[in-house]
Amino acid sequence: MSIESQVKSALDAATHENEYPHEYLRPAEEIVLEIHDWSGIAGFDQDNIVHVSAAMAAVEEWRKENPQPS
């Protein structure tokens with residue numbers, strides 16, 4: 001499973017299954033590092049800019065697919 005799909009799956013699980021509110025104004029990088037801390041992201045190296053960038057892009061894509069409720 002790619003880093004991107006793992007991030008999006010973790011966000012889906014947190015917000016849809018566990019009903020945690022997503023903090024849309026929080027920086028994507030902070031969310032990525034938190035996901036890695038609490039659930040891990042297989043193959044993810046937090047010191048690798050390519051990995052961090054890919055994961056941050058996944059957060060932004062997830063946000064577009066799951067817009068903030070009005």
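**Figure 1. Overall fold of the chain.** The chain holds three helices and zero strands, in the order α-α-α along the sequence. Helices (H or I, at least four residues) and strands (E, at least two) are DSSP runs numbered from the N terminus. The radius of gyration, taken over C-alpha atoms, is 11 Å, close to the 11 Å that the globule rule gives for 70 residues, so the chain is as compact as a globular protein of that length. The globule rule is 2.2 Å times the number of residues to the power 0.38. The C-alpha trace spans about 35 × 20 × 20 Å along its principal axes.

**Figure 2. Crossing of α1 and α3.** The axes of α1 (residues 3–17) and α3 (residues 49–65) come within 8 Å and cross at roughly 45°. That makes α1 oblique to α3. Axes are lines fitted to C-alpha atoms over the stretch in contact, with angles from 0 to 180 degrees between N-to-C directions; under 35 degrees counts as roughly parallel, over 145 as roughly antiparallel, 65 to 115 as roughly perpendicular and the rest as oblique.

**Figure 3. Residues where α1 meets α3.** From α1, Ile3, Glu4, Val7, Lys8, Leu11, Asp12, Thr15 and His16 are in contact (heavy atoms within 4.5 Å) with His51, Ala54, Ala55, Ala58, Val59, Glu61, Trp62 and Glu65 of α3.

**Notes.** Residues are numbered from 1 along each chain as its sequence is written, and side-chain values use heavy atoms, without hydrogens and water. In this predicted model, local features need pLDDT of at least 70 and side-chain atom pairs count only at pLDDT 80 or more, while totals for chains, interfaces and linings use all residues.
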